Amino acid sequence: MQDKISQIKKEYLEKIGKASSLKELDSLFLALFGKKGEIALLPKEFPKLSDTERRKIGPAFNAVKQELEKAIEKKREEVREESYKALENEKLTLQGVPLEARKGHLHLATQFKKEIIDLFNKLGFYQFDAPHVEWDKYNFEYLNIPKDHPSRDMWDTLYVDTSRLEVEPGQMLLRTHTSNFWPRLMEKGKAPIRAMSFDRCFRYEAIDARHSHTFNQFEVAVVGEKITMANLKFLSDYLLKAILGKEAKSRFRPKYYPFVEPGVGIDCLCVFCHGRGCKICSGTGWFEIAGAGMIHPNVFKSTDLDPKKYTGLAWGFGPDRMLMIKHEIEDIRYFLEGDLKFLQEY
Ligand SMILES: [Zn+2]
């Protein structure tokens, strides 16, 4: 009996020493202490022993039993330690996805906004953003576009349903241009003004490749003494050269806008054909990029500013269109959609 116990001890201590997984240790434990385990079955043979033998075997059996249990438990700890270490090493050596590949960036329109705002900051312009949901008076009336005036047809306006508010119908709208910012500034009655706004506007437009219900406008307004068309010409060339290169040139054409007098449409010499005529400029050598003019004296009426003392200019263009020309983007809808292919390209 004593030999058998020693044999089991020797055999299993060796097996336990060689085991390398918890699963192996579990089966060794079962082989020893399970229902039919070698250690578990041993006491059944005790009754066959003489009293003297039993007295000796008892403590020896218990000692071996405890030793094997402890050996298994100790080995379990070791195996666990090993697997933690392996896991840690794996973490260190596992190849990650390069950060660069997943890094986001500013939207093309936002990059452009930053560029232009920086440009005009250098000339002393400050940003003044007016509300998107606007009163009719700032969007139209103060801009020399009275109610029922035919020039209102120039803008397809989205009106806000005010039936639940104590507001007369047709008084609240989504602004159709960024021009609402300058009557808001002028009514404060302080001059000089040298402000700009790069922001969203909204119109009731059917969406296609060149039109959208939501688009950006960049607009500047200058009010002060001795402000003239020459300042307007300077600002136009300043912007165009900065964005399209030194060769960029602008030309003015007379154009009607109710809030300016005189009003001009500003064309830019086609940067692709240098005026010879190509597909992008529809063969004309020029493309229209902005509308501008000297602020109409009627606009001054709603302010405390004296139009005899002060004059002003206002000048706005569509940055989305400018970007489409610069990057040959064919569809304005890309600006509002979250198409990753487009977003990652710019
Ligand atoms: Zn051209």
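The centres of domain 1 and domain 2, taken over C-alpha atoms, are separated by 86 Å in this predicted model. Domain 1 covers residues 2-93 and domain 2 covers residues 108-345, with bounds that come from an automatic or database domain assignment. Residues are numbered from 1 along each chain as its sequence is written, and the model is a predicted one, in which local features need pLDDT of at least 70, side-chain atom pairs count only at pLDDT 80 or more, and totals for chains, interfaces and linings use all residues. Side-chain values use heavy atoms, with hydrogens and water left out.

Tyr12 lies in helix α1, residues 2-18; helices (H or I, at least four residues) and strands (E, at least two) are DSSP runs numbered from the N terminus. With a relative accessibility of 4%, Tyr12 counts as buried, where buried means under 20% relative accessible area, exposed over 50%, and partly exposed in between, for a 1.4 Å probe and protein chains only. Apart from neighbours within four places in sequence, Tyr12 is in contact (heavy atoms within 4.5 Å) with Leu28, Ala31, Leu32, Glu38 and Leu68. Tyr12 and Asp148 are 136 residues apart in sequence, and their C-alpha atoms are 102 Å apart in space.

An open sheet of 7 strands has mixed pairing and the order β1-β5-β6-β10-β9-β8-β7; two strands pair if DSSP finds at least two bridges between them. Its edge strands, each pairing on one side only, are β1 (126-127) and β7 (250-254). Helix α11, residues 319-327, packs on the sheet and touches β5, β6 (214-224), β9 (286-295) and β10 (311-317). The direction of helix α11 makes about 115° with that of β6; axes are lines fitted to C-alpha atoms, for helices over the stretch in contact, and angles run from 0 to 180 degrees between N-to-C directions.

Strands β1 and β5 (residues 193-202) run parallel and are joined by 2 bridges. Across this pair, Tyr126 stands opposite Ala195 and Gln127 opposite Met196. On its other pairing, β5 is antiparallel to β6 over 10 bridges, with Arg194 opposite Val222. β5 is mostly covered, 8 of its 10 residues being buried.

In β6, 11 of 11 residues are buried. In a regular strand the side chains alternate between the two faces of the sheet. Thr214, Asn216, Phe218, Val220, Val222 and Gly224 point one way from β6, while Phe215, Gln217, Glu219, Ala221 and Val223 point the other way. β6 also runs antiparallel to β10, to which 7 bridges join it; here Glu219 stands opposite Gly316.

The zinc ion has as protein donors the SG atoms of Cys270, Cys273, Cys278 and Cys281, at 2.1 to 2.3 Å. Donors are N, O and S atoms within 2.8 Å of the metal (3.2 Å for Na, K and Ca), and water is not among the atoms, so sites may look incomplete. In sequence the donor residues follow the spacing C-x2-C-x4-C-x2-C. The site is tetrahedral, with angles of 106 to 116° among the 4 donor atoms; four donors count as tetrahedral if all angles lie between 85 and 135 degrees. Ideal angles for four tetrahedral donors are 109.5 degrees. Cys270 counts as buried because its relative accessibility is 1%, whereas Cys278 is partly exposed, with a relative accessible area of 22%.

Note on methods:
Four donors count as tetrahedral if all angles lie between 85 and 135 degrees; four count as square planar and six as octahedral if opposite donors are over 155 degrees apart and all others between 65 and 115; anything else is irregular.
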